[in-house]
Amino acid sequence: MHVVHSPDFVREAVKRITEAAHAAGGGPFRLSLCGGKTPAAIYEALALEDLDWRNFIITFGDERCVPPDHEESNYRMVSRALLDRVPIPKENILRLKGEMPAQEAATLYEQQLRERAGDEVFIHDMILLGMGEDGHTASLFPATSALGESERWVVANEVAELGAWRLTFTFPLINSARRILFLVKGEEKRKLVEGIARGGGHSYPAAMVKPAEGSLIWLVG
Ligand code: 6PG
């Protein structure tokens, strides 16, 4: 893992995402977006970039089990910050349907990915991930069943500490990406990242992200 401390967190994140987009060389750029609060400013800045948006294929690493217009919805946050501002074809935005029964939504999403991937795993050019102070990433929370999923790419995950279900990518899908970029802000999380970089934090789901062949960058702001 490579940790990058950047005082200009948003600019550095945008730079890395745009570099990955350019590396797609005019072909499809499969980008997975994370939720939470940290990335909103990054998405707003990214929307101002002059990119070949028609080549973007957008997925979501996780979603809350709420409708897309709910204040908790990652899709709502991402749409306001980015998707409503750039000309990505609607058919290229693969929304996790939080309003559906969780298992059905996860199965449907995986089918959508498989339809596009053919027989191989759906390989993202870049997956953006956040991390909670408990070391969760996407909606892979400590001591939840999704951590042990080794076949499926997308699952419904019951998160007792939240008293809620979530939809989430699993490690097989995350770890097949060409590039993984963690976006982590704040002193508490910075200490977590340093612990993981020193080989600690084995129980943290975020520490279990180990791309098979891709790059793994932790951007700390
Ligand atoms: C979510 C995210 C989650 C998030 C972390 C960090 O749905 O909340 O996907 O994994 O990235 O919880 O969230 P903050 O950026 O709000 O601290």
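Author: A residue counts as exposed when its relative accessible area is over 50%, and as buried when that area is under 20%. Keep both cut-offs in mind. The model here is predicted.

Reader: Why does Gly25 count as exposed?

Author: Its relative accessibility is 66%. The cut-off for exposed is over 50%. Gly25 therefore counts as exposed. Gly25 sits in the loop between helix H1 (9-23) and strand S2 (29-33). Its C-alpha atom is 24 Å from that of Leu183, 158 residues away along the chain.

Reader: What makes Thr144 buried rather than exposed?

Author: Its relative accessible area is 10%. Buried means under 20%, so Thr144 is buried. This residue belongs to the loop between strand S5 (126-129) and strand S6 (154-159).

Reader: What is Thr144 in contact with, leaving aside its neighbours within four places in sequence?

Author: Asn157, Glu158 and Val159.

Reader: How do you know that the side chains of Thr144 and Asn157 make a polar contact?

Author: The distance joining them is 3.0 Å. A polar contact needs N or O atoms within 3.5 Å. The pair passes.

Reader: On to the rings. How many aromatic pairs does a search of the whole structure find?

Author: Five. One of them is Phe60 with Tyr75.

Reader: Why does Tyr75 count as partly exposed?

Author: Tyr75 has 22% relative accessibility. Partly exposed lies between the buried and exposed cut-offs, 20% and 50%. That is why Tyr75 gets the label. Phe60, at 1%, is buried.

Reader: Why is the pair of Phe182 and Trp218 called stacked?

Author: The centres of the two rings lie 3.7 Å apart, with the planes at 10°. Stacked needs under 30 degrees, so the pair is stacked. Phe182 is in strand S8 and Trp218 in strand S9, 36 residues apart. Both are buried.

Reader: Which residues form one aromatic cluster?

Author: Phe29, Trp53 and Phe56.

Reader: Now helix H6 (residues 187-197). Which of its residues are buried?

Author: Lys189, Leu192, Val193, Gly195 and Ile196.

Reader: What puts them on the same side of H6?

Author: Their arc around the axis is only 160°, which puts them on the same side of H6. The general rule is that an α-helix has 3.6 residues a turn, so residues three or four places apart point the same way.

Reader: Which strands do the buried residues of H6 pack against?

Author: Strands S1 (2-5), S8 (179-184) and S9 (215-220). Just after H6, Gly199 takes a positive phi of about 95°.

Reader: Which of the 15 residues around the ligand come nearest?

Author: Thr38, Asp62, Arg64, Ala138 and Lys189.

Definitions and conventions: Residues are numbered from 1 along each chain as its sequence is written. This is a predicted model: local features need pLDDT of at least 70, side-chain atom pairs count only at pLDDT 80 or more; totals for chains, interfaces and linings use all residues. Side-chain values use heavy atoms; hydrogens and water are left out. Buried means under 20% relative accessible area, exposed over 50%, partly exposed in between (1.4 Å probe, protein chains only). Helices (H or I, at least four residues) and strands (E, at least two) are DSSP runs, numbered from the N terminus. The arc is that of the directions from the helix axis to the C-beta atoms. Contact means heavy atoms within 4.5 Å. A residue is near a molecule or strand if one of its heavy atoms lies within 4 Å of it. A polar contact is a pair of N or O atoms within 3.5 Å; within protein, one must be able to donate a hydrogen and the other to accept it, and residues adjacent in sequence count only if both atoms are side-chain atoms. Rings of Phe, Tyr and Trp (its six-membered ring) pair if their centres lie within 6.5 Å; planes under 30 degrees apart count as stacked, over 60 as edge-to-face and the rest as tilted.
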